[in-house]
Amino acid sequence: MMKKSAPALVRRIPWVLVVFVAALTIPWVGSRYDTFLATQIAISALFAMSLNLLLGTTGLVSFGHVAYFGIGSYVCGILMKTYAVPFSIALPAAAIGSALGALVFGFFCVRLTKIYFAMLTLAFSQIIWAICYKWNDVTGGDQGIPDVPYPNLDWMSSIPLLGDLRIAQQFYVLTLIVVMLSLAAIQRIIASPFGLMLTTIRENPERAASIGLNVRRYELSAFVIAGGFAGIAGALFGIFNRGVFSDFVYWPKSAEVMIMTILGGIDHFWGPVVGAATLVLLNQEITSYTQYWPFVLGTILLLLLFVFPGGIVGGLTTGLEWLRRKTGRRASA
Amino acid sequence: MLEVHGLSKSFGGFRAVSDVDLAVAEGEIAAVIGPNGAGKSTLFSLITGHLQPTAGRVLVNGRDVTGVAPYKICGMGLGRSFQHTNIFPKLTVLENVRAALLAHRGQGPNFWSRANQLCHGEAEALLASIGLAPQARATAGTLSYGNQKQLELGIALASDPKILLLDEPTAGMSASETHETIALIERIARERRLTLLFTEHDMAVVFSIAHRIAVMHQGRVIAHGDPAAVRADAQVRRVYLGDAPMGPRS
Ligand SMILES: Nc1ncnc2c1ncn2[C@@H]1O[C@H](COP(=O)(O)OP(=O)(O)OP(=O)(O)O)[C@@H](O)[C@H]1O
Ligand SMILES: [Mg+2]
């Protein structure tokens with residue numbers, strides 16, 4: 001009886017809220033640098049989570065997810081810098097812009113399967129990159145859009161504790177709110193009937209069609225939703241980075257978010273978050289020790305993936321399961 | 001109920017299904033038999049829209065559904081199970097049928113409710129009717145082969161079909177599993193007043209439950225009629241039945 005109810009209890013805890021509250025303490029308990037890292041992790045986590053809606057939930061391998069991150073950061077950056085539009089409008093605009101981009105490109109991508117789908121997503125992301133890199137009048141070309149302003153966070157100053165924070169820390173709080181609301185929404189979507197349909201498509205597209213699903217349309221919907229959330233991450237990142245540049249849309253960033261997602265584990269909701277935190281922290285640690293960091297990082301990643309083929313979270317849950325079975329056997333013996 | 005006229009399918013120059021005519025009346029249990037490679041599975045795929053015919057027509061209740069996409073065919077009351085087990089292996093047994101139930105009810109685009117709070121009773125009842133209630137929480141891919149085939153039947157039934165096409169529903173099963181599965185299919189067909197079209201290599205099974213049998217050979221239907229007529233057909237005996245056991249297995 002006890003053993004049965006324990007996991008149920010764990011599942012009942014609103015983990016997104018718990019993580020939110022824990023992460024919220026960082027500006028007070030940590031250094032300014034910690035807050036800087038935490039902001040980067042939160043944004044990367046949302047980006048990776050949006051990719052995993054395709055990768056882990058729907059079984060679609062997108063090599064070009066950075067396109068929608070990029071569209072989001074450019075839309076938000078341009079609106080806030082060039083047109084002085086408030087963040088509260090620029091952020092939804094970024095999400096909608098990215099979702100529209102995903103709708104147009106996704107329309108073609110979902111007509112292909114497997115590796116051809118992946119290659120087409122990559123090709124479209126390179127088109128977006130080329131546009132961002134060349135369209136000087138709007139995107140600033142290779143100069144990008146420097147000095148994207150922070151949002152107006154005056155409302156925080158009236159709130160006790162928050163008012164004393166520096167603007168970068170206040171922006172972290174804002175980022176955390178946006179990211180956690182997004183994660184909660186994604187979690188809800190995954191648990192919905194729509195999310196269940198996506199998993200059936202991942203498991204067996206032929207069978208999914210036979211239960212009456214228009215597979216392409218569902219895949220396109222997932223693509224658009226994932227693109228929209230990637231756009232939110234991109235918008236936040238442009239502000240965090242104090243500028244939007246064309247390498248935000250360049251393919252290595254697609255690879256990076258893919259690594260985060262797989263490293264953390266695509267089969268578990270928290271996998272992308274853990275992966276994002278791990279990669280950001282590893283990056284920091286290793287760059288400060290050695291100039292050969294890409295090599296060291298690559299080796300560590302390879303080792304991690306060998307030890308945890310299901311990603312870090314996958315490995316941990318398997319380990320816990322094993323422990324529970326072992327202790328359970330001993331208890332019953 | 002289900003009619004097929006002059007249906008043909010060529011792969012390159014090879015005619016896998018060639019000018020097939022078939023009619024299954026409402027409530028009838030019909031079997032398609034024939035040696036390996038006769039074109040049975042291809043015929044089923046043509047009917048359910050998984051393959052586009054080179055020529056011919058498929059009618060469901062008089063309505064032309066030739067070449068209509070599988071996801072639309074499902075909505076017209078035509079369900080199907082596959083020769084090679086076709087389930088959602090990493091989902092639980094319950095989720096497998098729940099997904100099919102939700103899809104059938106048009107809940108697929110609902111992205112805000114919690115899936116695990118919907119269709120609970122129906123999913124449990126469906127599992128009970130196919131004898132999989134005890135395995136409801138198990139991961140579908142870990143079930144025995146026979147149970148996976150039953151689950152596939154459950155997924156097909158979730159769409160509440162009027163016509164059910166079963167491609168070798170007992171393939172790879174032991175004798176006792178075969179026996180149970182056939183009894184199950186017969187019961188469900190009766191309870192739900194299904195029109196059933198199935199393929200099967202076990203002649204004992206075919207001749208025990210089919211009202212009508214069509215025999216395929218090299219893409220063509222070489223004989224059809226009631227079991228007695230088919231059993232007596234000289235050409236059928238020569239190309240197919242031969243020494244295959246035809247009486248009920250003792
Ligand atoms: N996609 C395809 N491309 C080319 N040839 C095919 C294809 N599908 C089936 N065939 C060929 O068509 C013929 C009929 O195949 P089908 O699977 O319909 O036979 P079957 O009667 O179901 O046989 P079995 O009893 O072994 O299941 C076979 O010779 C097969 O090799
Ligand atoms: Mg076959």
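Reply: In this predicted model, the lining of the second largest pocket consists of eight nonpolar, four polar and five charged residues; Ala, Val, Leu, Ile, Met, Phe, Trp, Tyr, Cys and Pro count as nonpolar, Asp, Glu, Lys and Arg as charged, and the others, Gly among them, as polar. A pocket here is an open set of points on a 1 Å grid over the protein atoms alone, where a 1.4 Å probe fits and protein lies on both sides within 12 Å along at least five of seven lines, and lining residues have an atom within 4 Å of a point. Its lining has 17 residues, and Leu112(A), Thr113(A), Lys114(A), Pro205(A) and Glu219(A) lie nearest the centre. The space in this pocket is about 470 Å³, a volume filled by probe spheres set on the points, which are joined across faces, edges and corners.

Helices H7 (114–134), H11 (193–203) and H13 (215–240) of chain A each give the lining at least two residues, and H13(A) supplies the largest share, three residues. Helices are DSSP runs (H or I, at least four residues), numbered from the N terminus.

H11 also takes us to the neighbouring chain. Between chains A and B, 14 residue pairs are in polar contact, both at pLDDT 80 or more (N or O atoms within 3.5 Å, one able to donate a hydrogen and the other to accept it, with residues adjacent in sequence counted only if both atoms are side-chain atoms). On the side of chain A that touches chain B, H10 (167–191), H11 and H12 (205–210) each give two or more residues, with the largest share, eight residues, coming from H11(A). That side has 12 nonpolar, seven polar and six charged residues.

In all, 25 residues of chain A are in contact with 34 of chain B (heavy atoms within 4.5 Å). The chains bury about 2500 Å² between them, 62% of it from carbon and sulfur atoms, and Arg188(A), Arg207(A) and Ile211(A) lose the most area in chain A, together 28% of what that side buries. Buried area is the accessible area (1.4 Å probe) that two parts lose on being put together, summed over both.

Two salt bridges are counted between these chains (a side-chain nitrogen of Lys or Arg within 4 Å of a carboxyl oxygen of Asp or Glu). Asp267(A) meets Lys90(B) at 4.0 Å, N to O, and Glu152(B) meets Arg207(A) at 3.6 Å. Because Glu152(B) lies in helix H5 (residues 145–158) of chain B and Arg207(A) in H12 of chain A, the latter pair joins two chains.

Residues are numbered from 1 along each chain as its sequence is written, while chains are lettered from A and ligands numbered from 1 in the order written. Local features need pLDDT of at least 70 and side-chain atom pairs 80 or more, whereas totals for chains, interfaces and linings use all residues, and side-chain values use heavy atoms, leaving out hydrogens and water.
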